Amino acid sequence: MIYTMASLQESLQRFKKQQEKCQAISSMAARAGPSKGAPPRPANAKPPAPAVKFSNDTERLQHINSIRKGPVGAQIKRVIDLLLETRQAFTPEQINEACYVDINGNKAVFDSLRNNLKVYYDGNRFSYKSKHALKNKDQLLILIRKFPEGIAVIDLKDAYPTVMEDLQALKGAGQIWLLSNFDSQEDIAFPNDPRVPIKVDDDLKQLFRGIELPRDMLDIERDLQKNGMKPATNTAKRRAMAQVHGIAPKPKTKKKKHEISKRTKLTNAHLPELFKL
């Protein structure tokens, strides 16, 4: 019995040594990498997909979550800005993908967009709706001519992407006037149709001719401010800067009064009735 136990003990020791040897060989093989005899990687094999960094993905999800949990008005503004900039029609799914506003998942946002004056909904897609459905400069001119009393530029700004450039082009061509409203400081577009006769009363003509402007720009600027208008110049500041730099002011010369003749340059040429004697 003692002999048997000794034999088992010796066998156990040998087994442990073999296990340690096998573990050592395995560790060495792992550190050495794949063997040279390993089969080559196929040429058409797809490279492994890059691992998504958890931090970047988390930041994106937090951004989306902050948008969807934000005020309804802020979400509506994001959608309207998207529709205005692209001028395309979007489904709710496309809007969600483009600006992360989940219209289908938020009934308040869906109902507000559907009833918004700046949004057109055909039952499937949302698109931007301007106050005046215009597409080009010709249509713009036709519309302005329908408003002889003038039309606010703010109502035309979103008609189509290049509407402001077309307004300046029409003004440069003499087809419209762009004047500022003294009360609201907003530009008003007026048609300049030469076919429309303008009749000016004699009393208004005499009043126009009888106005004598001050000779000093300071007085002119002061009168403009009294009437609620902002002067385009600042003569006091300009003169102060000139004195600092040692520039002598120009001497005032009395201007001779000239009678209106054919060679006189008229600054109000669009009102010819004022200059008829």
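Guide: What follows starts with the helix, goes on to the sheet, and ends with the charged pairs.

This is a predicted model, in which local features need pLDDT of at least 70 and side-chain atom pairs count only at pLDDT 80 or more, while totals for chains, interfaces and linings use all residues. Residues are numbered from 1 along each chain as its sequence is written, and side-chain values use heavy atoms, with hydrogens and water left out.

The helix is α6, which covers residues 137-145. Helices (H or I, at least four residues) and strands (E, at least two) are DSSP runs, numbered from the N terminus. At the start of α6, the backbone nitrogen of aspartate 138 has a side-chain oxygen of asparagine 136 within 3.3 Å. Such a polar contact is a pair of N or O atoms within 3.5 Å; within protein, one must be able to donate a hydrogen and the other to accept it, and residues adjacent in sequence count only if both atoms are side-chain atoms.

Leu140, Leu141, Leu143 and Ile144 are the buried residues of α6. Buried means under 20% relative accessible area, exposed over 50%, and partly exposed in between (1.4 Å probe, protein chains only). Seen down the axis of α6, these buried residues fall within an arc of 160°, so they line one face of the helix; the arc is that of the directions from the helix axis to the C-beta atoms. Their cover includes β3 (151-152), α7 (163-172), β4 (176-180) and β5 (187-191).

Strands of a sheet pair through backbone hydrogen bonds, either parallel or antiparallel. Here the sheet is open, with the order β3-β5-β4 and antiparallel pairing. β3 and β4 are its edge strands, each pairing on one side only. Two bridges join β3 to β5, and two strands count as paired if DSSP finds at least two bridges between them. Alanine 152 stands opposite isoleucine 188 in β5. α6 packs on this sheet, touching β3, β4 and β5, and its direction makes about 90° with that of β5. Contact means heavy atoms within 4.5 Å; axes are lines fitted to C-alpha atoms, for helices over the stretch in contact, and angles run from 0 to 180 degrees between N-to-C directions.

Now the charged pairs. Side chains of opposite charge can pair when their charged atoms come close. A salt bridge is a side-chain nitrogen of Lys or Arg within 4 Å of a carboxyl oxygen of Asp or Glu, and the count comes to eight salt bridges.

One of them joins lysine 77 and aspartate 81, whose closest N and O atoms are 2.8 Å apart. These two are four residues apart in helix α3 (residues 72-86), so about one helical turn separates them. Lysine 77 is exposed at 52% relative accessible area, and aspartate 81 is partly exposed at 27%.

Another joins lysine 205 and aspartate 202, with closest N and O atoms 3.8 Å apart. In helix α8 (residues 202-210) they are three residues apart, which means a separation of about one helical turn. Lysine 205 is buried at 9%, whereas aspartate 202 is exposed at 55%.
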